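Thanks for making the time this morning. I would like to walk you through one model, going from the whole chain down to a few individual residues.

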Amino acid sequence: MALLSPQAQKQVKRRRTFAIISHPDAGKTTLTEKLLLFGGAIQMAGAVKGRKAGRHATSDWMEVEKQRGISVTSSVMQFEYNDHVINLLDTPGHEDFSEDTYRVLTAVDCAVMVIDAAKGVEAQTIKLLEVCRMRKTPIITFINKLDREVQDPIDLLGEIENVLKIDCAPITWPVGMGKTFRGVFSLLDNRMKRFTPGGEKLSDDVEVIEGLGNPRLDELFPLEMDYVRESIELIQGASEPFSLERFLEGSQTPVFFGSGVNNFGVEDVLNALVNWAPTPQPRDAGKRMVEPDEAKFSGFVFKIQANMDPKHRDRIAFFRVCSGEYQPGMKVFHVREGKEMKIPNALTFMANDRVLMTNAVAGDIIGIYNHGQLHIGDTLTQGEVLGFTGIPYFAPELFRSARPKDPFKAKQLHKGLKELGEEGAIQVFEDELGNLYLGAVGQLQFEIVAQRLATEYNVDAIYENTSVSTARWVTYPDEQTRKDFEKEQGMRLAKDADGNTVYLATSIYNLQTTQKHWPQVTFHVTREHG
Ligand code: G4P
């Protein structure tokens, strides 16, 4: 198989592609902002999320997000750090948008987990980590908010190990907390970095004190050092040292302590990304694994976002490059549609701007303008029929039917819901009679969709309760079974945005009864895109 040129292979090795996962409020946005600050992508903290000043996060494009203060959409930011190209994929923290987050996690090679040191492991972190575990994604842990009164670091590590079932290898160790937070001691370098509050911009003048036994430490922090030495001894006795191999297989996480808002400990995380996080990894494309340094271009769409810029009503497919090189104007093979398409002007994303992409390799995320040809899960190649796997749809748990307030706007409603369905904002099912059912994982999805229908498609939708309470994708062993099943159950069947058949059950009991009567039909809780 032909390989990329040595220069392009070098470019691949410089890439680090990751997402930050956390429970809402643990400090994901703050960390994102500080990482961009270190990467020189923004000049001043507050540019990403100027909270009190009423500015809005760069990563929060949509009006609704600004109002709700939660990140609904996921965005991508690229910056350089230490001769590496970092691709940071933002994820919505709110659980109602967890589907979106799962999809983003299929496009990364590593994740940074932020934990609020006062609250410890929270519900959303548990769920997100399960997804990472399924994919064996390596995790770097950042324990945040040490400038507050927080839990004992030993207890925090114990909680991560017990609840998240991942071994911890502390790389830094906090000295004090809250008002007496003095800094972190690096266990690998055997030196202490002293904490200075503030840090709205970069500063090089961090004081460093060498050696855990250094008497200067006792002089400066007479009240803290005994406990610090004691706890370090304890933790080193109880935990295995950091192992790059175990980190890369996802069974051990390096742990850093700090304070995102004070810019403290952030650089450690970046260095860990550059030094330890994996280069772009091979990806499962169904019939074979695709290696990142193969010469031929390939990749998949993991997210669609419409109308990012209200002035342009554009639609952008976020595409993870898995192999080869993107070049402007290149022609690619759209596997699902079985035909060629051109990518004239893909975008990359820097903090505030979209920039025309001139070149992209494995690990990079490009934004492809399109008019609905690209769906979530679509694979593009240079001719080979591949299908990247692992991008899930989950059977929704909440259902509504939708109709336009103004009956003359049925067409707009249909168009809007179809597009929002393809974008993955909500799942849309249409039955034989043309009735539309909306399925969501979280209640907020309905509200966002109603708001977007009003602002982007100029149609007020009325939601109504439906008799549907759960859904399953169905597949048949043969044509005859399909015909028989459709004849008997046609009233309960609908098609999803990609034309797959779904059984809409009125209750779990109804579902179980049908399953019992039709053992030859398979009912799926999840479906892969594409
Ligand atoms: P999220 O994206 O994970 O939801 O969290 P975000 O960064 O928005 O942070 C949530 C809150 O925690 C913010 O406070 C933020 O300032 C605060 N925070 C983040 N890192 C630290 C830290 O290291 N120490 C302390 N003490 N606080 C931190 P907020 O009140 O919601 O906003 P603001 O009014 O402070 O801007």
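**From the whole chain to single residues**

Of the 530 residues in the protein chain, 44% count as buried. Please keep in mind throughout that this is a predicted model. The secondary structure of the protein chain comprises 14 helices and 31 strands, and, if we take the contacts with a separation of 6 or more, 71% of them are between residues 24 or more positions apart.

Within it, strand 8, at residues 183–186, is paired with strand 9, at residues 191–194, through four bridges in the antiparallel sense, and if you want a pair to look for on the screen, Ser-186 has Arg-191 in strand 9 as its bridge partner.

Another open sheet has eight strands, and here the order is 26-23-25-24-28-29-27-30, again with antiparallel pairing. The strands at its edges, pairing on one side only, are strand 26 (461–464) and strand 30 (522–524), and the twist from one strand to the next averages 40°. Inside this sheet, strand 27, covering residues 470–475, and strand 29, covering residues 501–505, run antiparallel and are joined by four bridges, with Arg-472 standing opposite Tyr-503 of strand 29. What lies across strand 27, strand 29 and strand 30? That is helix 14, residues 508–517, which runs at about 125° to strand 29.

A further antiparallel pair is formed by strand 15, residues 315–323, and strand 20, with five bridges between them; in that pairing, Ala-317 has Ile-368 of strand 20 as its partner. Strand 20 itself, residues 365–369, is mostly covered, since four of its five residues are buried.

Now to a pair of helices. Helix 11, residues 410–423, and helix 12, residues 443–457, have axes that come within 10 Å and cross at roughly 120°, and because of that angle helix 11 counts as oblique to helix 12. The crossing of these two helices is right-handed. On the side of helix 11, the residues that meet helix 12 are Gln-412, Leu-413, Lys-415, Gly-416 and Leu-420, and their counterparts in helix 12 are Val-449, Arg-452, Leu-453, Glu-456 and Tyr-457.

Finally, I would draw your attention to two backbone details. Lys-136, in the loop between helix 5 (123–135) and strand 5 (139–144), has a phi near 55°, which is a positive value in a residue other than glycine. Is Lys-136 buried or exposed? It counts as exposed, because Lys-136 has 11 C-beta neighbours inside 10 Å, and the cut-off for that class is 12 or fewer. Asn-458, in the loop between helix 12 and strand 26, likewise is not a glycine and has a positive phi, of about 60°. Asn-458 has 11 other C-beta atoms within 10 Å, and therefore it is exposed.

Conventions:
Residues numbered from 1 in each chain as written. Predicted model: local features only at pLDDT ≥ 70, side-chain atom pairs only at ≥ 80, totals over all residues. Pairing = 2+ DSSP bridges. Axes fitted to C-alpha atoms, helices over the stretch in contact; angles between N-to-C directions. Contact = placed C-beta atoms within 7 Å. Parallel < 35°, antiparallel > 145°, perpendicular 65-115°, else oblique. Left-handed = near helix turned anticlockwise from the far one by under 90°. Buried ≥ 20, exposed ≤ 12 C-beta atoms within 10 Å, placed from the backbone.
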